[in-house]
Amino acid sequence: KIIGKPNHFYSLKVIADGQTVTATTSIPSLVPLDSTWFNVEGSLDSLGFVYGILHDPDTMGNCYRFMVKRISHFADGTQKDLGFITDINSVFTDKVFNGQTFDVDFNRPHLQHDTSAENHNIEDGYFKKGDTIVLKFIAIDNPQYNFWLTEGIAAQGADNPFAAPTVVKSNIYGGLGIWGGYGTTYDTIFAK
């Protein structure tokens, strides 16, 4: 059992069937968001996005990922999201805003093959007044950023026979995938 700590490195070594797979990752320093809130978008009366203030450290190369989960319930009593959900564009880096403070916005992602009505009408991508939202904001290292970015690009073109092939970058030597540590903070937002 591993309990990760920020600013530490972790190695993986698997030996099976005569093959060796290795990887190394780090858990970056936590970068909590400041002043998270829900805001109705434009003329929409109850639909909007979650916002927060990000104070990016002045060191170049910080990378981030986000996930959300609505812990509120539908009218029939079922919980809206059973787990944290992320979308294809869930990662970003401080390449153009290193060391700055600014507002970031978060949409409502949904599972790729979710056929529910709320994901196929005007509510798609929006949170709704009455939602209780848990935002998982994650500091990740650069190899994870590259993995999730290229995995997202590959997933976007997966259904398109004319899309250019994308090589998903991995930090695992002798295998594919990601060995990663998350520097995670959580915020709960009540959409009012």
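Colleague: How many bridges join strand β2 to β10, and do they run parallel or antiparallel?

Modeller: Strands of a sheet pair through backbone hydrogen bonds, either parallel or antiparallel. Here strand β2 (residues 19-27) and β10 run antiparallel, joined by two bridges. Two strands count as paired if DSSP finds at least two bridges between them. Strands are DSSP runs of E with at least two residues, and helices are runs of H or I with at least four, numbered from the N terminus. This is a predicted model: local features need pLDDT of at least 70, side-chain atom pairs count only at pLDDT 80 or more, and totals for chains, interfaces and linings use all residues. Residues are numbered from 1 along each chain as its sequence is written, and side-chain values use heavy atoms, with hydrogens and water left out.

Colleague: Which residue of β10 stands opposite A23, and what is the order of the strands in the open sheet?

Modeller: A23 stands opposite I172. The open sheet has three strands in the order β1-β2-β10, with antiparallel pairing. Its edge strands are β1 (8-16) and β10 (172-173), each of which pairs on one side only.

Colleague: Let's turn to D131. Is D131 buried or exposed?

Modeller: Relative accessible area is the guide: under 20% is buried, over 50% is exposed, and partly exposed lies in between (1.4 Å probe, protein chains only). D131 is buried because its relative accessible area is 1%. You will find D131 in the loop between β8 (127-128) and β9 (132-140).

Colleague: Which side chain does D131 join through a polar contact?

Modeller: A polar contact is a pair of N or O atoms within 3.5 Å; within protein, one must be able to donate a hydrogen and the other to accept it, and residues adjacent in sequence count only if both atoms are side-chain atoms. The side chain of D131 has such a contact with that of K80, at 2.6 Å. The D131 side chain also reaches the backbone nitrogen of K128 at 2.8 Å. Contact in general means heavy atoms within 4.5 Å. Not counting residues up to four places away in sequence, D131 touches R70, S72, K80, I189, F190 and A191.

Colleague: Which residues line the largest cavity?

Modeller: On a 1 Å grid over the protein atoms alone, a cavity is a set of points where a 1.4 Å probe fits but cannot get out; a pocket is an open set with protein on both sides within 12 Å along at least five of seven lines, and lining residues have an atom within 4 Å of a point. The structure holds one cavity of 30 Å³ or more. The largest cavity has a volume of about 40 Å³, and its lining is R70, K80, R108, E118, E123, Y126, F127, K128 and D131. That lining has two nonpolar, no polar and seven charged residues.

Colleague: And the largest pocket: what is its volume, and which residues lie nearest its centre?

Modeller: Its volume is about 310 Å³. The lining has 18 residues, with T86, D87, I88, H110 and Q112 nearest the centre. Helix α1 (residues 142-156) gives the most to this lining, with four residues.

Colleague: Last one: is Q100 buried, partly exposed or exposed?

Modeller: Q100 is partly exposed, because its relative accessible area is 42%. Q100 sits in the loop between β6 (91-93) and β7 (101-106). Leaving aside residues up to four places away in sequence, Q100 touches L54, H55 and D56. Q100 and P57 are 43 residues apart in sequence and 7.6 Å apart in space, C-alpha to C-alpha.

Key. Points joined across faces, edges and corners; volume = space filled by probe spheres on them. Nonpolar A, V, L, I, M, F, W, Y, C, P; charged D, E, K, R; others polar.
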